[in-house]
Amino acid sequence: MIWVSVIVHGILLGGVYALLASGLALMFGVMRIINLAHGSLALIGAYMAYLVAEHFHFSTYLALVLVLPGALLVGYVLQRSMLERSLRAGQLIPLLTTFGLLIVIANLLQYFFSPNVHSLNMGAIGSASWQVSSTLTIAWFDVLTFGVAVVVLVGLELVLHYTQLGRELRATAEDADTAELVGINARAVYARATAIAVATAALAGVFYGMRSSFDPTTGADQLLYAFEAVVIGGIGSLWGTLWGGVALGVAQSIGAQIDPEYFALAGHVVFLAVLVVRATVQGRGLQLSLRGAG
Amino acid sequence: MSALLEVDALDARHGLLQAVRQVSFEVAEGESLALVGANGAGKTTLLRAIAGAHRPAGGRVLFAGRDITRLAAHRRVKLGIALVPEGRRLFPNLTVEENLRVAAASRRSGPWTVQAVLEAFPLLQPLRHNRAASLSGGEQQATAIGRALMTNPRLLLLDEVSLGLAPVVVDGVYRSLAKLLESGSTIVLVEQDLRRAMGVADRVLCMLEGRIVLEGAPADLTREQVTEAYFGLRQVAGA
């Protein structure tokens with residue numbers, strides 16, 4: 001059955017999107033900051049892993065031990081120095097700020113690493129696969145990526161709902177002024193959350209860099225898919241982001257099976273369909289409540 | 001009794017509008033003070049300036065002898081100042097229990113825990129896992145007061161706790177307040193309802209157009225005096 005293979009690969013592809021989308025789900029879905037530089041930050045993660053792996057002769061996985069703490073720091077500083085100020089001027093300003101950041105990062109990467117493509121070593125797992133049947137082969141690296149996405153998203157969901165930081169973050173996102181009045185240091189909470197989001201971006205970037213080669217302009221379409229995964233899964237729901245990514249991956253995989261040109265189109269169609277259905281359902285709910293009131 | 005809160009020549013503005021003009025008063029530990037006055041008299045702005053939610057244009061706020069005029073709101077909570085804001089301002093998508101727990105951010109220890117708040121406001125017990133947005137006005141008010149108590153404040157600021165609530169619900173809220181007062185808490189209360197304000201407070205401050213125009217213990221003030229100050233009748237008559 002070729003379709004089983006198509007669906008399975010679609011699900012695994014969804015893991016790639018979900019991993020990149022996890023940090024976005026936190027920033028865009030929970031904190032309501034649209035970070036257009038999310039993909040660029042992921043790319044920096046990939047380049048840093050490349051540097052560390054080259055310099056210390058580390059495996060890419062071991063390089064994460066240095067890259068992730070660095071990304072936490074970058075996220076914290078980014079929030080305190082740029083995003084916090086932008087947010088004070090309204091919700092649209094971070095959009096412009098992070099767009100500027102995206103361009104600056106692309107140019108800096110070009111300057112330091114040249115426009116040539118780089119890639120990260122996948123290690124032994126990169127070539128290992130599981131031949132399930134004559135038509136279905138599963139690469140262990142895809143399973144690993146999916147597993148990491150699940151762990152990150154479930155982890156974030158648990159942090160958000162069962163830790164004090166998570167409660168403080170949700171409270172701050174809903175009403176920062178009142179959060180301050182109950183003793184929450186709103187700026188510090190947002191900085192910590194951005195630090196986590198950037199670390200997940202770097203993690204996603206490293207996994208992307210092992211999967212395919214990258215150059216300083218890579219990642220725009222990946223970022224778009226990640227945004228779609230967040231929206232399909234429902235804004236504010238990290239668990240939903242996983243399903244959003246999977247829905248997108250499966251749609252693209254099925255589209256590509258029908259005709260390779262339909263790969264991206266099928267994903268966008270699903271995204272639009274979800275938006276239309278959601279708007280219709282909400283519209284109906286509104287009509288009903290209006291009728292009930294009248 | 002020493003002064004827990006000292007407000008010294010405080011000025012606060014909203015843009016060009018001066019909402020609080022040269023206001024000075026003190027609140028002693030264990031005292032309950034009611035701020036009364038018409039809409040727009042500057043009561044809420046004064047309370048928010050004490051809590052750190054509104055940056056004053058001039059003057060000083062001292063808490064337990066320390067100048068806190070420039071201190072951020074969350075730092076003041078850590079010192080023991082809690083505000084129950086006008087309109088409750090709960091976090092709508094957090095549950096009742098989460099609304100309470102989130103206030104543990106101040107890390108002040110004391111008698112108030114989630115369990116203690118639920119015992120003090122038994123109506124919240126069955127609702128603890130409901131979203132705050134789904135609560136009635138009275139339930140929201142109880143949660144908002146409980147949330148402020150969770151920071152174990154030395155000074156509790158209450159802004160219009162009866163606003164928009166049915167009289168029977170307000171009775172309930174004031175019964176819990178009376179219990180708090182008996183336990184020796186220090187409270188500054190903004191209230192539109194004169195009768196209720198004078199019923200619970202040791203001292204009443206009446207504000208008019210940003211200034212304190214009358215001050216005294218409820219027993220020493222006549223209703224006419226307060227009403228006059230409240231509406232600024234004498235000034236109108238003199239004009």
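Where is the place of B:Thr95 in chain B? The legends below begin with this residue.

**View 1. B:Thr95 in a loop of chain B of the predicted model.** B:Thr95 is placed in the loop between β6 (81–84) and α3 (96–102) of chain B; helices (H or I, at least four residues) and strands (E, at least two) are DSSP runs, numbered from the N terminus. The residue counts as partly exposed because it has 19 C-beta neighbours inside 10 Å; buried requires 20 or more other C-beta atoms within 10 Å of a residue's own, exposed 12 or fewer, and partly exposed lies in between, with C-beta atoms placed from the backbone. Leaving aside residues up to four places away in sequence, B:Thr95 touches B:Arg128, B:His129, B:Asn130 and B:Arg131, where contact denotes C-beta atoms, placed from the backbone, that lie within 7 Å.

**View 2. B:Arg89 and B:Gln22, two residues with positive phi.** Most residues other than glycine have a negative phi. B:Arg89 has a phi near 50 degrees and is placed in the loop between β6 and α3 of chain B. B:Arg89 is buried because 21 other C-beta atoms lie within 10 Å. B:Gln22 has a phi of about 50 degrees and belongs to strand β2 (residues 17–28) of chain B. With 14 C-beta neighbours inside 10 Å, B:Gln22 counts as partly exposed.

**View 3. The side of chain A that touches chain B.** Here 15 residues of chain A are in contact with 23 residues of chain B. On the chain A side, the elements that give two or more residues are α6 (164–174) and α7 (176–181). The largest share, six residues, comes from α6(A). By type, this side divides into four nonpolar, four polar and seven charged residues; Ala, Val, Leu, Ile, Met, Phe, Trp, Tyr, Cys and Pro count as nonpolar, Asp, Glu, Lys and Arg as charged, and the others, Gly among them, as polar.

**Notes.** Residues are numbered from 1 along each chain as its sequence is written, and chains are lettered from A and ligands numbered from 1 in the order in which they are written. In this predicted model, local features need pLDDT of at least 70 and side-chain atom pairs count only at pLDDT 80 or more, whereas totals for chains, interfaces and linings use all residues.

Terms used: Contact = placed C-beta atoms within 7 Å.
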